[in-house]
Amino acid sequence: MNNKNSDYIPAFHFHWLTPWYDRFMDGCYPETRFKRSLIEQARLQPGQRVLDLGCGSATLTLMLKQAQPAAEVHGLDVDAKMLDLARRKARQAGADIILDLGTATRLPYGDNRFDRVFASLMLHHLKREDKRLALSEAWRVLKPGGELHVVDFGAPEGRGAYLVSLLIRWFEEIDDAIAGLLPRFTAEAGFEAVQETARYRTMSGTLRSYRARKPETRAEFSGLILNVRRWD
Ligand SMILES: C[S@@+](CC[C@H](N)C(=O)[O-])C[C@H]1O[C@@H](n2cnc3c(N)ncnc32)[C@H](O)[C@@H]1O
């Protein structure tokens, strides 16, 4: 089955490439580096509840559990085949993580449940409207003061990355990410203190990570929502 037959875009665009996902990520991307620094910026604490959106084969999910064994770590993905891979890896690692089948645009969790939500290379799989929906869902399931940590394609840095971006924008739903719109959509979903934290050059362009926070209280003045608080 290829992506034309599904209502989502699989990890490497075609289902038949899924078994090679980990090997390719490991060999061709600075995967450990950008996932580790995403975890570091989240400062996980014991007892926190953490969600990895579009967890794929659960590489980040497992790293989250390893970084903070006393956290309750969930991974969610829409692709049952990917989740099979993830479950196998979790079993082999003897890791106590919870893997859920579902879509980021309609999360199967109640309001204000999570302290941290992560999205690694997931948002560029969603159409613009679904990106906005997924960010609103992340906002809904986060507790007030909870944090969102994202790494995804961003505005290309340098001529090489720009040229690659002209090619890859034909694939998946990557246009908004390359145009640098993900932080803006995040703020528009109600998050405050949206801040870029790192950039990575890869063979398929520039990855950018950022963080954002759900306000402790939603400050509304005459219909305007303020998103101006900064990180301490
Ligand atoms: C490029 S992979 C990234 C996987 C993992 N987060 C990582 O960093 O290696 C994108 C993942 O998003 C998942 N995905 C696509 N659409 C989704 C949706 N609507 N809800 C949840 N997951 C989705 C795909 O199944 C795939 O596993």
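Student: Hi! Which polar backbone atom is 2.9 Å from a nitrogen atom of the ligand?

Tutor: That one belongs to Ala 104. It is a polar contact, meaning a pair of N or O atoms within 3.5 Å; within protein, one must be able to donate a hydrogen and the other to accept it, and residues adjacent in sequence count only if both atoms are side-chain atoms. Bear in mind that this is a predicted model, where local features need pLDDT of at least 70, side-chain atom pairs count only at pLDDT 80 or more, and totals for chains, interfaces and linings use all residues. Residues are numbered from 1 along each chain as its sequence is written, and side-chain values use heavy atoms, with hydrogens and water left out.

Student: And what does Lys 35 do with the ligand?

Tutor: An N or O atom in the Lys 35 side chain lies 2.8 Å from a ligand oxygen atom.

Student: How much of the ligand's accessible area does the protein cover?

Tutor: It covers 97% of the 600 Å² that the ligand has on its own, by the Shrake-Rupley method with a 1.4 Å probe.

Student: Switching topic: why is strand β7 largely enclosed?

Tutor: Nine of the nine residues in β7 (residues 205-213) are buried, so the rest of the structure largely encloses it. Buried means under 20% relative accessible area (1.4 Å probe, protein chains only), and strands are DSSP runs (E, at least two residues), numbered from the N terminus.

Student: Which strands are joined to β7?

Tutor: β5 (residues 142-153) is joined to β7 by seven bridges, antiparallel, with Leu 148 opposite Ala 212. β6 (residues 192-202) also runs antiparallel to β7, with eight bridges, and the two form a hairpin with two residues between them.

Key:
Buried < 20%, exposed > 50% of the residue type's maximum accessible area, 1.4 Å probe, protein only. Helix = DSSP H or I, 4+ residues; strand = E, 2+ residues; numbered from the N terminus. Pairing = 2+ DSSP bridges.
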